[in-house]
Every structure is written in C-alpha cells, then in structure tokens.
Amino acid sequence: MRKNERIRPGLGWILAIGVAAGCAPPPTGTDAPGSDAVPAESGPPAPLAADYFVPSSPDNVSWGWFPTDKEPVLRVRPGETVRMDTLTHSGAVQDEEPVAWLTALGVSEDEIHQDVLDFWASRAGRPREGRSGHVITGPVYIEGAEPGDMLEIEILAVETRAPWGINNTSARGGVFSEGYPGFHADDPALDIPPGTRHLIRTGWVDGREVAFLADDIQVPLAPFMGILAVAPDPVVGQPGVTVSGVQGSRPPGAFGGNLDVKDLKAGTTVYLPVFHPGALFYAGDPHGAQGDGEVSGTAIEQSLSGVFRFAVHKGRAPSSPWAEDEDYYLVMGIDLDLDRAARQATWEVVAFLGEEKGLSPAEALSLASIAVDFRVSEVVDLTQVVTGYIPKNIFLP
C-alpha cells in the first residue's frame, strides 16, 4: 500500500455471510442447520468508515514477532482512525499449500482471501528463529508518541472477514500439554486423534453473529484481536526473547502482545506503555470467540478487520497493560506462574485505585477483595494473564 493512503468508506475489505454448519465439511442447501433462519435484514451492518486502511499484505505483516526497526506501514496523527486487516494463522502458515489444506477441511476456494495465498507464498524469505506462529499487521506510527508515554487505543469496530474459523484440539495440547506447569507423567489423556481441527462456520441469525458448532449449539461471536501491542523493548532472559533479542509473539508482556483478553473488543479502550518513537502499534491473532483461559490453546481463529483510534498521554507509561469499557476498568497481571499473575494483577489493581481514585493501599486492597473480580484471561501462552475487573458503578459521581 502507499503510505498514508486514504480510503473511501466500505472499500478494501471483504465481509461475507456464511450459512450455518458444524465442525465438519459444511452441508449445503436446505439441509444446512439454520440456513432458513438467516433473513437478509439480519445480516451484518455496514463496515465502519476509517481515515486510513492497512491491508494484511505480505509487506504489511510480520510472522511471529514484533520488529522494533521495521519501516512503519502507516503514519497517523492522534485522533485519526485506521482500519487494519488481520489474518488468522490457521491456513496461512502450515507447510501444505493453503487452498488444498483449507478445502480439505471444508472451506470453499472462493472463501479463501488472496492475502492468505500471498502471505503463504512469501514465507520462504522470513526468518523463524525464536518466532511464534501469529501473522501480525503493522506497525502503525503514531505521531508524537515517545518512550515514557502511554498509548491509548480506542477499539471502534472489530468485524469478521470470512464466514469460517478454525479451532484446534489435541490430547496433549493447551492446558494438557506435557510442558504445562503441574503436568504429571501419569496424567490421563483425552481421546482426541492427533491433528484434530474443527472448521467452524459463522453467520448471522436474528441480527446477531454466531458460530454454528452443531445443529443445537450456537455460540455468539464476540470478535477481538488476541494481539494488541506496541513495539517492545526486548531484554534477553525475558519470556519469549531469544539470545539475539527477538521478542517472539507467543508470550504477552508489558508491551501488550498476545494478551488474549476476550473483552478487548469493540467499545473497549486499551492503554499500553510506549518504548519507541511512534509507539509502533501492531494487531493480530484475530479471534471470533474465545472463553476465558483459551484452554485448548486456540480460540475460533478467524480473520478480522479492526478500526482503531489513537491518543497519546505524555509521561504516563503504565507498568502493565490496562483497559476500560463502559462498565469496568480491566487491569492485567502477567507472569510465567498463574499464582504470580494473580498476585501481580492484585498489585496493579491496588496501584490503579491509588493513582486514579486516591485510595490508600489499605483501602484499595480492601476494595479489591470486596468488589473486584479477578479472571483468568489466558493460561496457554507461556506467560499467563489474570485480569482484575473493577466495576465503574461503585464510584459515585
């Protein structure tokens, strides 16, 4: 794309409406479950317009890491809006050619985006040492952002780009992995064949977007970007950092990254510390829906398009990512150990209540124990994330 390319509303991305189907190759015609329950008026709303558009073309994505010196794909001023397309790694990073791989699962060839094919063809020249599997769009340079500042990312829209996603399950994956903390050699294994992948169809029913897991199971979609990040300041010895200083995309950290907090969806604002001029914002690991924990290791891995607006708060870099929506402040604790992540989340909540609400440490810890819910957001990405949900309605005007 040309740098600073403006778009007309509605151009540059694809929205498709899928018929209902299960976790196998999709049925067609009147036998498709729910296929007669998708009236035209219940389809998706018009895509939200943005000032700029960043497609997920090979030049605009990184594979499994966060470069700190990559030429920005776009430069924007605070207050401007950007639509960013993102690609799921499912179908884009395997050894087998994507059309053959995806059609074998039941995806039709006309449902495979060209950027999937383009990325797959570009893989040969991309180094892999220390990197993870995510396809990550960016970076976007935000004018005026400097180290020590706080970047505000307002999530205005997150929209599906395809009527399908993929979830993986295995007997020794996710929380059942042999490398997972607490694993015992005599732990039983689930009866799941190796390499099991579930094609999950999505579509619109009665004005809402859902995933069709079976004839009698529909899961509401709540699309969000598993990865929202600024370019990190990698330190050898930190989780996911190689001896050459490459920050792999699997573990999240203070820079954000693979947080997998399912409530970082449209209507939420995320706050991250800035480590490099321009902040260098990345988005990726798109999910159609996910439960807290992401216990199999994957969600509904589904290509999405997001619209973001940025602001810069000078000299206010937080020590850990946090966010807010209409109802809650979301304050995150991140650590290799789940117990330590819970401790860190509590510490960050106490610090937040002191800085933002003027409470003493004793008052803040008391309130945290009385009114704050601590949720396990994800437990499968090396570092683990616990999020404290501080309800806004307890603070009177």
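**Exercise 1.** Leaving aside its neighbours within four places in sequence, which residues is Thr88 in contact with?

*Solution.* Start at Thr88 in this predicted model, and set aside its neighbours within four places in sequence. Contact means heavy atoms within 4.5 Å. The residues in contact are then Pro286, Glu301, Gln302 and Ser303.

A word on the ground rules: residues are numbered from 1 along each chain as its sequence is written. In this predicted model, local features need pLDDT of at least 70 and side-chain atom pairs count only at pLDDT 80 or more, while totals for chains, interfaces and linings use all residues; side-chain values use heavy atoms, with hydrogens and water left out.

**Exercise 2.** Find the place of Thr88, and decide: is Thr88 buried or exposed?

*Solution.* First, look in the loop between β4 (81-85) and α1 (98-105); helices (H or I, at least four residues) and strands (E, at least two) are DSSP runs, numbered from the N terminus. Next, take the relative accessible area of Thr88, which is 3%. Buried means under 20%, exposed over 50% and partly exposed in between, with a 1.4 Å probe and protein chains only. Thr88 is therefore buried. Finally, follow its side chain: that of Thr88 reaches the backbone nitrogen of Ser90 at 3.1 Å.

**Exercise 3.** Which residues line the largest cavity?

*Solution.* On a 1 Å grid over the protein atoms alone, a cavity is a set of points where a 1.4 Å probe fits but cannot get out, and a pocket is an open set with protein on both sides within 12 Å along at least five of seven lines; lining residues have an atom within 4 Å of a point. Grid points are joined across faces, edges and corners, and a volume is the space filled by probe spheres set on the points. The largest cavity has a volume of about 40 Å³. Its lining is Thr88, Ser90, His113, Val116, Ala162, Trp164 and Ser303. By class, three are nonpolar, four polar and none charged. Here Ala, Val, Leu, Ile, Met, Phe, Trp, Tyr, Cys and Pro count as nonpolar, Asp, Glu, Lys and Arg as charged, and the others, Gly among them, as polar.

**Exercise 4.** Which element gives the largest share of the lining of the largest pocket?

*Solution.* The largest pocket has a volume of about 560 Å³. Of its 29 lining residues, Gly174, Arg250, Gly297, Val380 and Asp381 are the closest to the centre. At least two lining residues come from each of β7 (164-169), β14 (281-287) and β18 (373-381). The largest share, three residues, belongs to β18.

Methods: A polar contact is a pair of N or O atoms within 3.5 Å; within protein, one must be able to donate a hydrogen and the other to accept it, and residues adjacent in sequence count only if both atoms are side-chain atoms.
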